[in-house]
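Dear colleague,

I am passing on the structure below, together with some notes on what was found in it. Please read them with the model open beside you.

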Amino acid sequence: MKTLANCDNIEFMQQTYKIADTVKAYLTKTKIMELRKRMPNTDGMTDEEKTEVIRKAASENLMEIIRVALVEHAEETLSILGLICFIEDKEQLRTDRSILNESVSALLDVNVLDFFISLMQSVAKISKVM
């Protein structure tokens, strides 16, 4: 199966842009970034209490993000995973379980991961300049 991890550089760049554009709309629709930012009030707590409360909130936020992605927006999440494998066929996405494993494996590929991390760092630096 063709994935981001095993395509040529031109395909990689074009598909990466397509994924980024899709993810941007996905994050707006799912409000996942807002879930990520939810933090409890820690006024008046000791450092140890704050650490524990924040750790618990982060864990709860992560579980909520997973629920939103895998339950409420399962089709949209699956579509993004399909793009990682160059698959847009809705029926194939719904039935071919290997797409899940292949897409996650491709995302965890060192070269793919490094590219996305570098891209995110570049966007952050550019945003500070502007």
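Helices here are DSSP runs (H or I, at least four residues), numbered from the N terminus, and their axes are lines fitted to C-alpha atoms over the stretch in contact, with angles running from 0 to 180 degrees between N-to-C directions. This is a predicted model, in which local features need pLDDT of at least 70 and side-chain atom pairs count only at pLDDT 80 or more, while totals for chains, interfaces and linings use all residues. Residues are numbered from 1 along each chain as its sequence is written, and side-chain values use heavy atoms, with hydrogens and water left out.

Helix H6 (residues 98-108) packs against helix H7 (residues 110-129) at an angle of about 65°, the axes being 5 Å apart. In this contact (heavy atoms within 4.5 Å), Ala106, Leu107 and Leu108 of H6 meet Val110, Val112, Leu113 and Phe116 of H7.

Turning to helix H4 (residues 74-84), 8 of its 11 residues are buried, so H4 is largely enclosed by the rest of the structure; buried means under 20% relative accessible area, exposed over 50%, and partly exposed in between (1.4 Å probe, protein chains only). Among the buried residues of H4 are Leu78, Ile80 and Leu83, and their cover includes helix H1 (9-30), H3, helix H5 (90-95) and H6. Just after H4, Phe86 takes a positive phi of about 60°.

Finally, Ile66 lies in helix H3 (residues 47-72) and is partly exposed, with a relative accessible area of 34%.

With best wishes

Terms used:
Helices (H or I, at least four residues) and strands (E, at least two) are DSSP runs, numbered from the N terminus.
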